[in-house]
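Here's a quick look around one model, with a few residues picked out along the way. Have the sequence and the structure open while you read.

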Amino acid sequence: MMAKILVVDDAEFLRVRLTKMLVSDGYEVLQAENGLVAVNTYKETRPDVVLMDVTMPEMDGLAALKEIIGFDAKARVIMLTALGQESVVLEAVKSGARDFIVKPFEHERVMKAITKLLA
């Protein structure tokens, strides 16, 4: 069975880019444009992995991460972060994120992170 991945980013081009990348590698992909939608989508669909941006309107990635982990302690969330957000990354890891990927990211780095979490 193919893994289901939830891609969360307020930038549509980035969601589209990640979705194309993941679908071409055989994953089923769901999308959310902010943390609020991500939390609701997670609760409804229980994806195998979440790729989540840190900075978003409505609810940012950290708040959404905490909500998701509060709902499902075993959730596998990878944070997507811009350069220079080290303090945010530390907070995310303390809050339950399993990994983080710095943008702009390489296809290989994203796939490696997902593969590692699904192993």
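F71 comes out as partly exposed, because its relative accessible area is 35%. Keep in mind that this is a predicted model. F71 has a partner, too: it forms an aromatic pair with Y42. A search of the whole structure turns up 1 aromatic pair, and Y42 with F71 is edge-to-face, at 6.3 Å centre to centre and 90 degrees between the planes. Y42 sits in helix 2 (residues 35-45) and F71 in helix 3 (residues 61-71), so the pair ties together parts that are 29 residues apart in sequence.

What does T45 touch, leaving aside its neighbours within four places in sequence? The contacts are K4 and L30. K4 and T45 are 41 residues apart in sequence, yet 8.8 Å apart in space, C-alpha to C-alpha.

V93 belongs to helix 4 (residues 86-94), and at 43% relative accessibility V93 counts as partly exposed.

Here are the accessibility values side by side:

| Residue | Relative accessible area | Class |
|---|---|---|
| F71 | 35% | partly exposed |
| V93 | 43% | partly exposed |

Technical notes. Residues numbered from 1 in each chain as written. Predicted model: local features only at pLDDT ≥ 70, side-chain atom pairs only at ≥ 80, totals over all residues. Heavy atoms only, no water. Helix = DSSP H or I, 4+ residues; strand = E, 2+ residues; numbered from the N terminus. Buried < 20%, exposed > 50% of the residue type's maximum accessible area, 1.4 Å probe, protein only. Phe/Tyr/Trp six-rings, centres within 6.5 Å; stacked < 30°, edge-to-face > 60°. Contact = heavy atoms within 4.5 Å.
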